[in-house]
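Trainee: I'd like to learn how to read this model feature by feature. Could you take me through it?

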Amino acid sequence: MNRILLFTVILVLAIGGGYLVAKPFSGVVQPIAFNHKVHIDNGLDCSACHERYSQAAVAGRPKLTTCLFCHETPLTESPEEEKIRQYAERGEEIPWRRLTRLPAHVYFSHRRHVVLGQIACQTCHGRIGQSTSPPSRPEIQLKMNDCLACHRQRGVTTDCNACHR
Amino acid sequence: MPRWAMVIDLDKCTGCQACVIACKAENNIPFVSPEQAAMGRTISWMEIIPIVEGEYPRVRVRYIPRPCMQCDNPPCTKVCPVYATFKNEEGLVAQIYPRCIGCRYCTAACPYTVKYFNWYAPQWPAEMRACLNPDVSTRPKGVVEKCTFCHHRLQKAKEKARAEQRELREGDYVPACVQSCPAGAMFFGDLDDPMSTVAQLARSARAFRLLDDLGTEPKVIYLSEGEWYGPRKRA
């Protein structure tokens, strides 16, 4: 009896421990430890870097040239800032990773919501502008009910076909 | 609110299948292997149905392009237990893939056989994966799909019109099949606008609808000279 109990305990520990060790990190890791807050505090708007929000469905991640516009010469002694110029020397774009993702069967347009609907970025993106290091997952996990609640509140379409594709 | 409709002039249609290919490219329709095709699992939102008339040597073939009829009184939506397929306020019969449970009641209910079931996850050759249309989601295994009148184009057209502070104009929103038709046999627009091309053509004496006697009130209107009884053989 004791042996069976011992065996069970070892088995549970082995499986649980193995899971914890092998569990992949599911968050997003950015190539540069970007500090949103510093940029906002220096008077930049979201649109300064996410410049496609007013013309396209996606707001876009900034191109290297956008960064170099200010960071061509060092502004600080941060090694993270130095990485920008290292990318520039290698002639590579900065591989920013996408943080907020929607399922492929949803059509969401930034132009429609931010420009035509006058909705603030923070409504969906939370306080990303106040973050001092890149978050590994979005502050607000958007669900369809969040979309629908806002659509109902503003009296706009709740037709499935308006967003699903 | 517009009521979207399509007019297909069978006297102009040459049966070239451009609409079929345009549809497949636009809507990320997966390939089906010959074995699966033999089991009747081909997916073709737009299909050219050949109708052979007469006997050799006096044979005549008619072609009839068949998208989803987007019925005003759709039989498919009435049997859906989960509201995955429904008629929206603009008359489009929608198919919402993440809601679909794959029961295939709608597939059985559709008299035009426009609904297709995904028997397995869609596969594309590696070279073609970059060619998928990002505006249309690929369907997972176990859901039903059908022609949507390219409603993803409507989503974009509406937004563009709003951004330009104007109403939607005729020609702003046109499905891929209509756009591709080299014979100019297909028309698309608002049936409720009496001045639109489709409304005027729908009033023509040549106009008829497929299986009209079922009371499904299709919004795909065919034009043909003389009598036409659809897929039935003429005496």
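Predicted model: local features only at pLDDT ≥ 70, side-chain atom pairs only at ≥ 80, totals over all residues.

Trainee: What is the average pLDDT of chain B?

Mentor: pLDDT is the predictor's confidence in each residue, from 0 to 100. Chain B averages 92, and 96% of its residues score at least 70. Over residues 230-235 of chain B, though, pLDDT is below 50, and that stretch has 10 contacts (heavy atoms within 4.5 Å) beyond near neighbours in sequence.

Trainee: And which helix of chain A has the lowest mean pLDDT among the chain's elements?

Mentor: That's α1 (residues 2-22) of chain A, at 72, while α8 (residues 144-154) of chain A has the highest, 95. Helices here are DSSP runs of H or I, at least four residues, and strands are runs of E, at least two, numbered from the N terminus. Chain A as a whole averages 89.

Trainee: How much area is buried between chain B and chain A?

Mentor: The size of an interface is often given as the accessible area lost when the parts come together. Here the buried area (1.4 Å probe, summed over both parts) is about 1700 Å², with carbon and sulfur atoms giving 52%. B:Q155, B:E159 and B:R162 lose the most area on chain B's side, together 34% of what that side buries. The contact takes 21 residues from chain B and 15 from chain A.

Trainee: At what angle do α4 and α5 of chain A pack?

Mentor: Axes are lines fitted to C-alpha atoms, for helices over the stretch in contact, and angles run from 0 to 180 degrees between N-to-C directions. Helix α4 (residues 64-71) and helix α5 (residues 79-90) of chain A pack at about 125°, with axes 10 Å apart.

Trainee: Where is the cis proline B:P57 found?

Mentor: B:P57 sits in the loop between β2 (47-53) and β3 (60-66) of chain B. The peptide bond from B:Y56 to B:P57 is cis, with omega near 5°.

Trainee: What is phi of B:F149 near?

Mentor: Phi of B:F149 is near 60°, a positive value in a residue other than glycine. B:F149 lies in the loop between β7 (144-145) and α5 (151-163) of chain B.

Note on methods:
Residues numbered from 1 in each chain as written. Chains lettered and ligands numbered in written order. Heavy atoms only, no water. Buried area = accessible area lost by both parts, 1.4 Å probe.
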